[in-house]
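Student: I have a structure to look at and I would like to learn how to read it. Could you walk me through some of its features?

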Amino acid sequence: MNSSSQWRVDDRGNRIHRSAIVADDVVLGFNNTIGALSVVGGLGCQVTIGDHNSIGVGSVIGSPAENASGYPGSSHSDFEAFVRSHPSRAGEVHIASRCVIRDKVTIHAGIDGSTSVGDLNYLHTGTHLDHDVTSGIGVVFAPAVISAGRVSFGAFSQIGLGACFHQGSSVGALAMVGMNATVKGRVEEMSLHFGTPSRLRGVNTVRLKRLGLDSGKIAEVNQLLHSDSIIESERELRLSKILAPLIALATEQALRAWSGEG
């Protein structure tokens, strides 16, 4: 690596602050930045990071999940030794590309497989993603979001300040979860959820309008979300037909914004 003030720069353009710890087995793509006092990988947990990601100050990515989710408490006294004697037990973290991971974010490795963060995600300060969480493209996490294990976040969902997610919950694409919500179960696509406990409050109208959906289609989404007379397979089919072009448009907009063109 070449010296540059407080930063180390490798031959792939990755900038790593000299106070950061990056394990030898971490797989880094191109042009990533890892900020001061962050810890990435180690302890037997494999971390793979794509291209053009920014990781802020004091973040921890790839530590093992809590003992209640599959590890004996004693393993944390020397987790590397535990992994050597139980090689199939350590999980993985996969970070895609063009993500902004701010300060003091924590991401635990998977147990069943991997914890996976999709392209163009924004994880604000203090966000915690536990084991086996997955997120699609373009998910935005406001500060202090807390997710238990095995939660999925759909493409371009928006997660409000301080929201908490119970184990195994799921958030549909283009949904909005309000601040301080407590989520257990399913958040429907294109919906607005908030409250404690969180529940369906309507359609994510602001986001859908910004993507050019007209009032008639928004009313159709609302009817599909609230109707008890439509069978589930029909509901999913009709929602998916509305959703697909919106995700394509949102992806195009996000890529333009990333490059400074939008």
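Student: Which residues does Asn14 touch, not counting residues up to four places away in sequence?

Tutor: Contact here means heavy atoms within 4.5 Å. By that rule, Asn14 touches Arg8, Val9, Leu28, Gly29, Phe30, Asn31 and Asn32, with residues up to four places away in sequence left out. Keep in mind that this is a predicted model, where local features need pLDDT of at least 70 and side-chain atom pairs count only at pLDDT 80 or more, while totals for chains, interfaces and linings use all residues. Residues are numbered from 1 along each chain as its sequence is written, and side-chain values use heavy atoms, with hydrogens and water left out.

Student: Where is Asn14 found, and is Asn14 buried or exposed?

Tutor: Asn14 sits in the loop between β2 (7–9) and β3 (15–17). Strands (E, at least two residues) and helices (H or I, at least four) are DSSP runs, numbered from the N terminus. For accessibility, buried means under 20% relative accessible area, exposed means over 50%, and partly exposed is in between (1.4 Å probe, protein chains only). Asn14 has 0% relative accessibility, so Asn14 counts as buried.

Student: How far apart are Gly58 and Gly126 in space?

Tutor: Their C-alpha atoms are 9.9 Å apart, although Gly58 and Gly126 are 68 residues apart in sequence. For Asn14 and Val117, which are 103 residues apart along the chain, the C-alpha separation is 19 Å.

Student: Now for salt bridges. How many does the structure hold?

Tutor: The general idea is that side chains of opposite charge can pair when their charged atoms come close. The cut-off for a salt bridge is a side-chain nitrogen of Lys or Arg within 4 Å of a carboxyl oxygen of Asp or Glu. The structure holds six of them. One of them joins Arg186 and Glu189, whose closest N and O atoms are 2.6 Å apart. Arg186 is partly exposed at 37% relative accessibility, whereas Glu189 is buried at 13%.

Student: Which parts does the pair of Arg238 and Glu220 tie together?

Tutor: Arg238 and Glu220 form a salt bridge at 3.6 Å, N to O. Arg238 lies in helix α4 (residues 232–259) and Glu220 in helix α3 (residues 215–226), so the pair ties together parts that are 18 residues apart in sequence. There is also a network of salt bridges linking Lys217, Glu220 and Arg238.

Student: How do α3 and α4 cross?

Tutor: Axes are lines fitted to C-alpha atoms, for helices over the stretch in contact, and angles run from 0 to 180 degrees between N-to-C directions. The axes of α3 and α4 come within 10 Å and cross at roughly 155°. That makes α3 roughly antiparallel to α4 (angles under 35 degrees count as roughly parallel, over 145 as roughly antiparallel, 65 to 115 as roughly perpendicular and the rest as oblique). The contact is made by Lys217, Glu220, Val221, Gln223, Leu224 and Leu225 of α3 together with Arg235, Arg238, Leu239 and Ile242 of α4.
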